[in-house]
Amino acid sequence: MNNQAKKDGQLSSIRDFILWGERRFIDAEIFFGHGTDNALDESAALVLKTVDQPYDLDEEALDIKLSEEQKEEVIALVEKRIEERQPAAYLIGEALFAGLPYYVDERVLVPRSPIAELILEHFSPWIAADKVSRILDLCTGSGCIAIACSHAFPDAAVDAVDLSADALDVCRINIERHNKTDKVKAIESDLFESLADQRYDVIVSNPPYVCTAEWEALPEEFHHEPGMGFKGGESGLDLVDTILSEASSHLNPNGILVVEVGSSAETLLEKYPMVPFCWLEFEFGGDGVFLLTAEQLVASQPYFKKMSR
Ligand SMILES: C[S@@+](CC[C@H](N)C(=O)[O-])C[C@H]1O[C@@H](n2cnc3c(N)ncnc32)[C@H](O)[C@@H]1O
């Protein structure tokens, strides 16, 4: 079906356009992995946001007809998604994380960390919620983890750190959007460098952890995202090494460190065989996230000191 036929009425409802987009995405063999994992969800996200409807729209409302302007907009976005291989989140300027919407553009990675699930569970059973008064999100990007933590622990003060001034501009947009200016602070810092001797109950991080060879081989969609969000050096562990060796100086005695290392989990285990990493499990998918207590970090210092930059 050509674009004129679509505009002339062969497609008219939200449902029609979602199903048409799904078919186009399947035929074009685009890559999913930026918040959705299939063509139907990707198409639904694009269409629903364009027609200003909620993602949990009920069945009947799918019969709502699109205006001519909306039809053109949806068609253009679907074609752009295919031709330019941009993640849908950048095209609509929004991504969901832990059930809430975040503004995103090409200055930040599209939020998709499984850490969302841990936050919604208040990091239970690893720390008691009433003992959490300070949280650090290292490598915050859009601020999604920091802000989701603030929603989960409304009384806690949250520091959101990134080295990229561009990413922090996006983070500040989201802090405002979520009315968290009094609770979440965006800080420009190379990991812990500008944090002096501050200590936290929870340090959580989704740092760059992709090794150079793997980054180069990633599908085109990933190359629209900032390289700085992925690149963890030759081994993938450049930043993780520093986080491991310095985190204990910034954790309170009963604190926890939670870090996503994704595909670099195996390399990490080979490098630190003596460290008692606890690998967390996820009901809704994802892996490669470890947890260490402050006590375990202190005890493992001899292994980290030898390895860090
Ligand atoms: C994988 S992204 C994670 C973004 C966000 N936390 C999320 O989960 O969607 C990693 C982030 O680390 C930031 N980053 C890279 N090197 C850094 C460093 N040395 N210190 C602090 N942040 C850094 C990047 O700018 C990027 O925003």
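Helices here are DSSP runs of H or I with at least four residues, strands are runs of E with at least two, and both are numbered from the N terminus. Hi everyone, and thanks for coming. Before we go on, this is a predicted model, in which local features need pLDDT of at least 70 and side-chain atom pairs count only at pLDDT 80 or more, while totals for chains, interfaces and linings use all residues. Residues are numbered from 1 along each chain as its sequence is written.

Let's begin with the domains. How many residues of domain 1 are in contact with domain 2? Eight, and they meet nine residues of domain 2. Contact here means that the C-beta atoms of two residues, placed from the backbone, lie within 7 Å. On the domain 1 side, the touching residues are four nonpolar, three polar and one charged. For those classes, Ala, Val, Leu, Ile, Met, Phe, Trp, Tyr, Cys and Pro count as nonpolar, Asp, Glu, Lys and Arg as charged, and the others, Gly among them, as polar.

Now for some helices. Two packed helices are described by the angle between their axes and the distance between the axes. The axes are lines fitted to C-alpha atoms, for helices over the stretch in contact, and the angles run from 0 to 180 degrees between N-to-C directions.

Take α2, residues 14-28, and α3, residues 39-50: they pack at about 130°, with axes 8 Å apart. α2 and α3 are therefore oblique to each other. In these terms, angles under 35 degrees are roughly parallel, over 145 roughly antiparallel, 65 to 115 roughly perpendicular, and the rest oblique. The crossing of α2 and α3 is right-handed, a word used if the near helix is turned clockwise from the far one by less than a right angle, with left-handed for anticlockwise. Have a look at the contact itself: I14, F17, I18, G21, E22, F25 and I26 of α2 meet A39, L40, E42, S43, A44, L46 and V47 of α3. By class, that contact has 10 nonpolar, two polar and two charged residues.

What angle does α2 make with α4, residues 68-84? About 15°, with the axes 10 Å apart. That makes α2 roughly parallel to α4, and the crossing of this pair is right-handed. From α2, the residues F17, G21, R24 and A28 meet V74, V78 and I82 of α4. Their classes are five nonpolar, one polar and one charged.

The remaining pair is α3 with α4. Their axes come within 10 Å and cross at roughly 145°, again in a right-handed crossing. Here L46, V47 and T50 of α3 meet Q70, E73, V74, L77, V78 and R81 of α4. This contact has five nonpolar, two polar and two charged residues. In the loop between α3 and α4 you'll find D52, which has a positive phi of about 60° although it is not a glycine.

Let's move to the sheet. Seven strands form an open, mixed sheet in the order β5-β4-β3-β6-β7-β9-β8. Strands pair if DSSP finds at least two bridges between them. At the edges are β5 (184-188) and β8 (278-279), each of which pairs on one side only. Helix α8, residues 165-177, packs on the sheet and touches β4 (157-162) and β5, its direction making about 170° with that of β5.

Which way do β6 and β7 run relative to each other, parallel or antiparallel? Parallel: β6, residues 200-205, and β7, residues 251-260, pair over five bridges, with V202 opposite I256 in β7. On to β9, residues 289-293, which is antiparallel to β7 and joined to β7 by five bridges; there L257 has L292 as its bridge partner. β8 and β9 are also antiparallel, joined by two bridges, and C278 stands opposite L291 in β9.

One last stop, in a loop. Where is P125? P125 lies between α6 (115-120) and β3 (134-138). The peptide bond joining S124 and P125 is cis, with omega about 5°.
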